Amino acid sequence: MDDNGKINSLELSEKPIQPLSRDYLALLLKGKRSNAVDLIMETVESGAEISDIYLDVFQRTQYEIGYLWQTNQISVAQEHFSTAVTQSIMAQLYPHIIHRNGKDREIVIACVGGELHELGARMVADFFEMDGWQTYFVGANTPAESLLETIQKQKPDVFGVSVTISYHIPEAKQLIDMIKNDPESGNQKIMVGGRAFNTAPGLWKKFSADAFAKNMRDAVSTANGLFIDTIRN
Amino acid sequence: MSEKQQALKPISEETARKLLAAIDEITNETVSRSMKYKDEIEQHGEKAFELLKNGMYFTFKMLFAAMQTGETGLLDDQAEWALSRLPHDNVRPVNIIKRLERMKTVVAEKMSREHTQEISPYIDYLIQKMSRISDP
């Protein structure tokens with residue numbers, strides 16, 4: 001591994017990166033899937049908080065992988081490989097995450113129709129799971145009509161909508177309007193997030209959304225905060 | 001809103017409907033006109049038309065998202081991304097800007113004057129943003 005902001009002669013972004021993230025990233029870039037899995041599992045078994053792994057390793061690495069593709073230093077295939085490895089490790093961590101004595105609260109989390117970037121939303125779902133929520137993670141590219149049916153059926157306490165690519169913002173608006181105008185789900189609490197909303201932090205207020213979360217931890221505290229007044233009243 | 005983001009009004013629902021209905025016509029015409037400029041497309045070879053059409057459609061959708069919400073911040077992000085990534089795909093910033101200018105012309109031809117007055121400021125914003133970033 002090189003030094004001075006490089007891994008394997010690839011120029012990293014200027015964002016600071018912790019040693020564990022660098023090691024994980026280096027293994028991904030070398031295509032060493034099993035080594036990458038071992039690194040994370042051993043770190044978890046030695047007592048590391050999974051939430052810290054998500055934030056400081058997985059999210060940080062995804063950012064760097066995106067930067068390396070954007071600057072044409074890695075291919076689409078390498079980017080997809082790295083994402084797939086992270087997803088497979090998250091699946092292996094799930095038994096560590098499930099909260100068996102959880103809260104009596106449910107969140108449905110989905111990406112809007114056409115939105116294929118689901119990893120961030122999945123991490124958010126896992127954060128809710130870690131906080132004791134029941135999570136119903138729908139994933140990528142789900143048509144608005146199907147999401148409305150899901151909301152009508154599940155009646156979650158919160159519906160989380162994720163948008164990564166800005167041009168899916170109109171789909172998010174359409175979805176939120178559809179839910180809020182439906183007699184069955186009109187009172188549904190909706191929280192939005194994802195890179196597109198982070199690009200325009202005031203945007204959510206122009207929709208009928210009830211809240212906006214800028215990251216995984218914020219999503220959980222914001223969702224919990226939606227019910228504090230309810231408890232007090 | 002940051003100082004750098006210009007305050008633009010969201011387009012009306014009627015303009016949005018008309019614009020969406022015209023998306024294929026506008027992108028096809030913009031691309032057809034662009035194909036006449038060999039110096040802009042020769043590096044793409046036989047894939048030129050498909051590449052330009054996909055790129056124009058992508059740009060249109062980005063513009064539409066900004067227009068519908070009045071959020072020019074979405075275009076700031078798009079401009080920075082495009083200028084960072086697209087040269088690696090052999091797409092030159094100067095050509096993106098030319099195609100945006102052609103799109104603006106096509107919009108003015110295909111849409112009513114009232115609708116065009118709502119739409120054009122967003123195209124102008126993106127052109128100015130990309131021009132500023134690519135030639136500071």
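Reader: What pattern does chain B follow along the sequence?
Author: Chain B reads α-α-α-α-α-α-α. This is a predicted model, where local features need pLDDT of at least 70, side-chain atom pairs count only at pLDDT 80 or more, and totals for chains, interfaces and linings use all residues. Residues are numbered from 1 along each chain as its sequence is written, chains are lettered from A and ligands numbered from 1 in the order in which they are written, and side-chain values use heavy atoms, with hydrogens and water left out.

Reader: OK, how many helices and strands in chain B?
Author: Seven helices and zero strands. Both are DSSP runs numbered from the N terminus: helices are H or I with at least four residues, strands are E with at least two.

Reader: And how far does the C-alpha trace of chain B span?
Author: About 40 × 30 × 15 Å along its principal axes.

Reader: How much of chain B is buried?
Author: 47% of its 136 residues. Buried means under 20% relative accessible area, exposed over 50%, partly exposed in between (1.4 Å probe, protein chains only).

Reader: Switching to Gln78(B), where is that?
Author: In helix α5 of chain B, residues 73-85.

Reader: Why does Gln78(B) count as buried?
Author: Because its relative accessibility is 7%.

Reader: What does Gln78(B) touch?
Author: Phe58(B) and Met62(B), leaving aside residues up to four places away in sequence. A contact means heavy atoms within 4.5 Å.

Reader: What about contacts across chain B, between residues at least 6 apart in sequence?
Author: Of those, 77% join residues at least 24 apart.
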